[in-house]
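This report goes through one protein model, element by element. Keep the sequence and the 3D view open while reading.

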Amino acid sequence: MKPRIALISLSLAAAVAASAQGLHKEITVDQKIDPVKREASRINVLPTLQLPALSRAQLSFSDRVVTAPVPNSYSILAPMAYGDHLYTSPYRGYISLGAGAPLFNATASAGYRILSSEKTRLSLWGQYEGDIYTTTTSIPLVTPDNLTTGYNDVKNYWRDHSATIGADLHTLVGKTSAVEASLNYTYAYHTLPLGTSLISPYGQNTSRINGSVGYSSTSENLTYKAALRYGHFGFYHSSFLNAADNALKSDMAESYPEKGVRQNQIGLSGLLTLPFSDNSSVGLNVDADFLRSSARLRALYPYLSSDDRTFEGESTTGLISLTPHYDYTSSTVKASIGAQIDISTNAESTFHVAPEVTFAWTPTQLFGFEAKATGGSVLNSLASLYDVTPYISSFFAYSQSHVPFAIDGRLSFGPFFGAYMEVFGGYAKASDWLMPVAGGAYLTYGVFENVDLSAWHVGAAVGYSYRDLFKARVSFEAAPNDYDKSYYEWRDRASKVIKAEMTLKPIKPLTLALGWEFRGGRRIYTLVPDNVGSLGAVYTPVSSSLGCMSDLSLGATYAISEPFSVFARANNLLNRRYYFIGYREAQETNFLIGASLKF
């Protein structure tokens with residue numbers, strides 16, 4: 001059995017070997033590649049620029065809110081950048097001249113920067129404004145039996161002249177410090193009405209000197225400022241007594257000082273601000289002013305007879321104000337919380353505290369809200385009253401006033417395609433605030449009395465602007481005008497104030513300006529006795545109208561070239577006759593033409 005199996009196995013192995021030798025063959029394979037064109041695609045490995053998200057910029061508000069009364073006067077010429085150390089101009093000097101009618105109107109201003117480097121700028125400048133005009137007053141002709149037989153028209157000439165020269169210096173000290181200094185002198189002449197007849201005008205001169213020097217610096221996040229100032233204001237060469245003697249045929253010199261009041265004021269200011277985070281800081285403001293007054297008269301209630309005044313000798317009053325505050329700033333909120341602490345010397349009241357709080361919220365560019373609560377004491381220098389009206393008596397000086405609080409708010413909407421709207425208002429209280437009084441015993445209307453006032457005021461404004469080609473704004477504001485219920489910043493006790501202004505550039509070199517200001521309900525008060533008894537008289541305030549102010553003005557400026565332009569102005573186009581505080585009648589329709597040159 002086994003030999004048979006071995007033989008079969010050997011036969012099969014030989015067959016397989018023979019079969020394998022028969023299957024061997026060489027094969028050549030050629031590979032063919034067909035190219036395929038693909039669409040190009042961007043490889044995302046190149047550098048890209050990714051800008052951060054933009055945040056809305058916000059202007060920085062002042063650390064303090066300082067309000068100032070607006071004088072009831074205006075500059076005939078467009079504002080010139082005289083003595084302006086912040087303005088960089090290729091021109092170092094300017095000159096502007098204007099003259100007009102119907103009788104005499106003139107203005108002139110000039111300035112030159114004698115030093116102009118990166119660190120130091122010294123400028124000299126001067127300005128003059130003047131007018132002469134006439135008014136006619138009808139004086140009744142009265143017989144000895146008090147019968148009016150007719151009227152006599154009296155023409156009076158009114159004159160205003162004001163000339164100022166000054167110098168301003170600004171210099172940098174290192175990289176974070178600066179020194180600023182200024183000095184100017186102003187001479188002015190005005191004619192005022194004498195007595196209740198509004199005739200026999202008399203003239204008086206004023207001299208005014210203002211000087212200041214300040215230093216500011218920042219060191220390791222600490223900001224500090226210091227300033228020293230001096231001011232002189234005085235009445236000189238008044239013809240009041242001579243006019244009174246001639247009009248009343250009596251010697252008035254015995255009841256009035258020999259010369260007008262003159263005042264010297266010295267003040268200093270300091271500011272420290274220390275941030276303790278990116279958004280917060282604390283600060284302290286210090287102001288001190290001392291006012292020296294010469295011999296003068298002081299008006300007394302009820303301002304009706306020659307006994308209602310008292311003579312005071314030379315004296316000095318002082319006012320020191322300390323205002324600590326905390327400030328917070330973010331992209332949408334600007335807030336300051338503080339208090340003004342006033343310490344008065346040689347005054348009826350020594351210590352006062354008033355709020356110093358401001359808050360501004362602008363969540364979007366189309367909406368804003370602002371609120372503030374302020375106050376403080378006022379020194380009532382004659383220079384500050386002259387800024388209210390230049391037609392004031394040269395023999396009276398006044399004591400301090402105090403504002404316990406003045407709360408104001410404002411809502412702003414827009415701009416929407418160039419249009420915007422504002423709504424504003426507030427409530428204020430003032431103690432011993434100076435308001436004009438019609439006191440017949442003083443033979444002049446430029447006398448003030450101390451009144452406690454409290455009143456609200458509310459208003460709204462709308463405006464529109466299109467590039468630099470057209471701008472317009474109209475505002476309306478109202479307040480009560482009673483004797484003790486009047487808005488303290490409106491010395492003429494106006495009840496309605498409307499302001500409208502429009503600027504148009506029909507062609508590039510031509511600018512047209514149209515303005516209108518209306519002040520209705522203007523009045524002053526006289527105290528009239530109701531009855532006289534054993535307990536004394538009871539006095540009732542009776543108002544006298546100052547007339548509605550409705551001043552429509554039109555102006556045009558044409559730039560012949562970049563440095564040279566001509567202008568024309570027309571004021572009081574409605575020819576309204578009203579009175580300034582001091583009972584000086586305003587000028588009728590008047591105009592002015594002139595030219596300006598920068599060099």
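## Strands and how they pair

Strands (E, at least two residues) and helices (H or I, at least four) are DSSP runs, numbered from the N terminus. Two strands are said to pair if DSSP finds at least two bridges between them. The model is a predicted one, in which local features need pLDDT of at least 70, side-chain atom pairs count only at pLDDT 80 or more, and totals for chains, interfaces and linings use all residues. Residues are numbered from 1 along each chain as its sequence is written, and side-chain values use heavy atoms, with hydrogens and water left out.

Strand E9 (residues 280–293) is joined to strand E12 (residues 315–329) by 14 bridges, and the two run antiparallel. In this pairing, Ser280 stands opposite Tyr328 of E12. E9 also pairs with strand E8 (residues 262–275), again in the antiparallel sense, over 13 bridges. Here Leu272 has Leu284 in E9 as its bridge partner. E8 and E9 form a hairpin, with 4 residues between them.

## A second hairpin

Strand E4 (residues 148–173) and strand E5 (residues 177–194) pair in the antiparallel sense over 14 bridges. Ala167 stands opposite Leu183 in E5. How many residues lie between E4 and E5 in their hairpin? There are 3, and Gly174 in the turn has a positive phi of about 75°.

## Salt bridges

Side chains of opposite charge can pair when their charged atoms come close. A salt bridge is counted when a side-chain nitrogen of Lys or Arg is within 4 Å of a carboxyl oxygen of Asp or Glu. The structure holds 15 salt bridges. In one of them, Arg229 pairs with Asp289, and their closest N and O atoms are 2.8 Å apart. This pair links distant parts of the chain, with Arg229 in strand E7 (residues 222–236) and Asp289 in strand E9, 60 residues apart. Arg229 counts as partly exposed because its relative accessibility is 27%, whereas Asp289 counts as buried because its value is 13%.

Another salt bridge brings together the side chains of Arg298 and Glu312 (3.5 Å, N to O). Arg298 lies in strand E10 (residues 296–299) and Glu312 in strand E11 (residues 309–312), so the pair ties together parts that are 14 residues apart in sequence. Arg298 is partly exposed, with a relative accessible area of 24%, and Glu312 is partly exposed at 22%. Both residues belong to a network of salt bridges that links Arg296, Arg298, Glu312 and Glu348.

A further salt bridge is formed by Glu588 and Arg577, with the closest N and O atoms 3.9 Å apart. Both residues are in the loop between strand E25 (564–571) and strand E26 (590–598), 11 residues apart. Glu588 is partly exposed at 27% relative accessibility, and Arg577 is partly exposed at 32%.

## Surface patches

Patches are made of residues with over 30% relative accessible area and no salt bridge; like charges are joined within 9 Å, and nonpolar side chains (Val, Leu, Ile, Met, Phe, Trp, Tyr) within 5 Å. Accessible areas come from the Shrake-Rupley method with a 1.4 Å probe, and for residues only the protein chains shown count as cover. A nonpolar patch of about 740 Å² includes Leu272, Leu284, Leu322 and Tyr326. E8, E9 and E12 each supply at least two of its residues. Leu284, in strand E9, is partly exposed, with a relative accessible area of 34%.

For charges, Lys and Arg count as positive and Asp and Glu as negative, while His and the chain ends are not counted. The place of a charge is taken as NZ of Lys, CZ of Arg, CG of Asp or CD of Glu. Which residues form a negative surface patch? They are Asp432, Asp452, Asp482 and Asp484.

Asp432 is placed in strand E17 (residues 419–437) and counts as partly exposed because its relative accessibility is 32%. Ala430 is also found in strand E17, but Ala430 counts as buried, at 1% relative accessibility. The C-alpha atoms of Ala430 and Ser377 are separated by 9.5 Å, and these two residues are 53 residues apart along the chain.

Note on methods:
Buried < 20%, exposed > 50% of the residue type's maximum accessible area, 1.4 Å probe, protein only.
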